[in-house]
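This briefing is for a reader meeting the structure for the first time. It looks at charged side-chain pairs and then at the strands and helices around them.

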Amino acid sequence: MIVNPVSANSSASLISPEIGKSAIAPGHPPLKIGILASGSGSNFEVIAQAIQNQELNVQIPVLIYNNPEAKAAARAKKYGIPSILLNHRDCKSREELDTKIVKTFQAHDVEWVVMAGWMRIVTKVLLDAFPDKVINIHPSLLPSFTGIRAVEQALAAKVKITGCTVHIARLEVDSGPILMQAAVPVLPDDTAETLHARIQVQEHKIMVGAIALIAESHQKHCD
């Protein structure tokens, strides 16, 4: 773990566990991850870039998005990754949507699920189909500031440090074992927009870092 102190007047961050260079052993099959995205897809693109740069021994067989206006689909097309729209408005329940997601991921041999800006609450249907293999990213240092508007919650609480978390998803929103966190200082003149922008920079780092840890564990399991 990095132990250097973070000044409240600094834009530095603290990431735990420390991100090292991912070791990709030749001959090992890539871990197949399915991506869920609802918005711009910036986290998705960071993952795709890391794969393209051979920083991750990972493959993305398919991206699922639930919002017809989501820019994530255009980003997927740029990388030659299939994308499928599963509009939640066409489903009568969360379980129905998750059933469609599970069938789609299983058809593409997905092994892990990554919620990269997925703005839907998941159900037992998805979590039981991929037990302990669904990860989420949240813009706070969990367990603080769960739910929506986490950045605004941090500002309202007048905390000096906030950040972001990658964790294994559970039924309770924004709960579950933590894989990686990054701390981000709150500056005196921060707004929700400026703070969120700095948090997002760290989100991109720990999303790739957490997936690298998962891929390395998968690789060792295959040995």
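By about what part of a helix are Asp-128 and Lys-124 separated in helix 4? The two residues are 4 residues apart in helix 4 (residues 124-129), and therefore about one helical turn separates them. This is a predicted model, in which local features need pLDDT of at least 70 and side-chain atom pairs count only at pLDDT 80 or more, while totals for chains, interfaces and linings use all residues. Residues are numbered from 1 along each chain as its sequence is written, and side-chain values use heavy atoms, with hydrogens and water left out.

- The structure holds 7 salt bridges, a salt bridge being a side-chain nitrogen of Lys or Arg within 4 Å of a carboxyl oxygen of Asp or Glu.
- One of them joins the side chains of Asp-128 and Lys-124 at 3.0 Å, N to O; Asp-128 is partly exposed at 48% relative accessibility, and Lys-124 is partly exposed at 47% (buried means under 20% relative accessible area, exposed over 50%, partly exposed in between, with a 1.4 Å probe and protein chains only).
- Glu-96 forms another with Lys-100, their closest N and O atoms being 3.9 Å apart, and both residues lie in helix 3 (residues 94-107), 4 residues apart, about one turn of the helix.

- Glu-45 and Arg-75 form a salt bridge whose closest N and O atoms are 2.3 Å apart.
- This pair links distant parts of the chain, since Glu-45 belongs to helix 1 (residues 42-52) and Arg-75 to helix 2 (residues 72-78), 30 residues apart; helices (H or I, at least four residues) and strands (E, at least two) are DSSP runs, numbered from the N terminus.
- Glu-45 is buried, with a relative accessible area of 8%, whereas Arg-75 is partly exposed at 24%.
- Together with Lys-78, Glu-45 and Arg-75 are linked in a network of salt bridges.

**Strand 3 and its partners**

- Strand 3 (residues 58-65) is mostly covered, with 7 of its 8 residues buried.
- Strand 3 pairs with strand 2 (residues 31-37) in the parallel sense over 6 bridges, where pairing requires that DSSP finds at least two bridges between two strands, and Gly-34 stands opposite Val-62 in strand 3.
- Strand 3 and strand 4 (residues 83-85) also run parallel, joined by 3 bridges, and Ile-64 stands opposite Ile-84 in strand 4.
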